[in-house]
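Morning, everyone. Please look at the model on the screen, and I'll walk you through it.

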Amino acid sequence: MTAFVQNLLQQMQSRFQTMSESIIAKIDEMGSRIDELEQSINDLRSEMGIEGSASPSLPSKSNDGPDQGSQ
């Protein structure tokens, strides 16, 4: 009986370890994707900043938002 319980505990520990490693790998992958997304957002912001300084229409777009919803 003791051998059966020890074997069962070892199997559970092995599965838990596998699941933990899988979760950690997915979290690392998500972190990398978030970093890439953050970089893309920063790139877009810098592009918009360049275009926004040449175009004074950006403030008027926020005013047009509610008008577009009422049409």
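Start with burial. Of the 71 residues in the chain, 1% are buried. Buried means under 20% relative accessible area, exposed means over 50%, and partly exposed lies in between, with a 1.4 Å probe and protein chains only.

A word on the source. This is a predicted model: local features need pLDDT of at least 70, side-chain atom pairs count only at pLDDT 80 or more, and totals for chains, interfaces and linings use all residues. Residues are numbered from 1 along each chain as its sequence is written, and side-chain values use heavy atoms, with hydrogens and water left out.

Confidence next. The chain's mean pLDDT is 81, and 69% of its residues reach 70 or more; pLDDT is the predictor's confidence in each residue, from 0 to 100. Residues 53-65 fall below 50, and that stretch has 1 contact in the model beyond near neighbours in sequence. Contact means heavy atoms within 4.5 Å.

Now the fold elements. I count 2 helices and 0 strands. These are DSSP runs, numbered from the N terminus: helices are H or I with at least four residues, strands are E with at least two.

Which residue partners Arg33 in a salt bridge? Glu29 does, and the closest N and O atoms are 3.0 Å apart. The rule asks for a side-chain nitrogen of Lys or Arg within 4 Å of a carboxyl oxygen of Asp or Glu. By that rule the count is 1 salt bridge. Arg33 and Glu29 are about one helical turn apart, because they sit 4 residues apart in helix H1. Arg33 is exposed, at 55% relative accessible area. Glu29 is partly exposed, at 42%.

Last, Leu9. Leu9 sits in helix H1, residues 2-54. Leu9 is exposed, with a relative accessible area of 51%.
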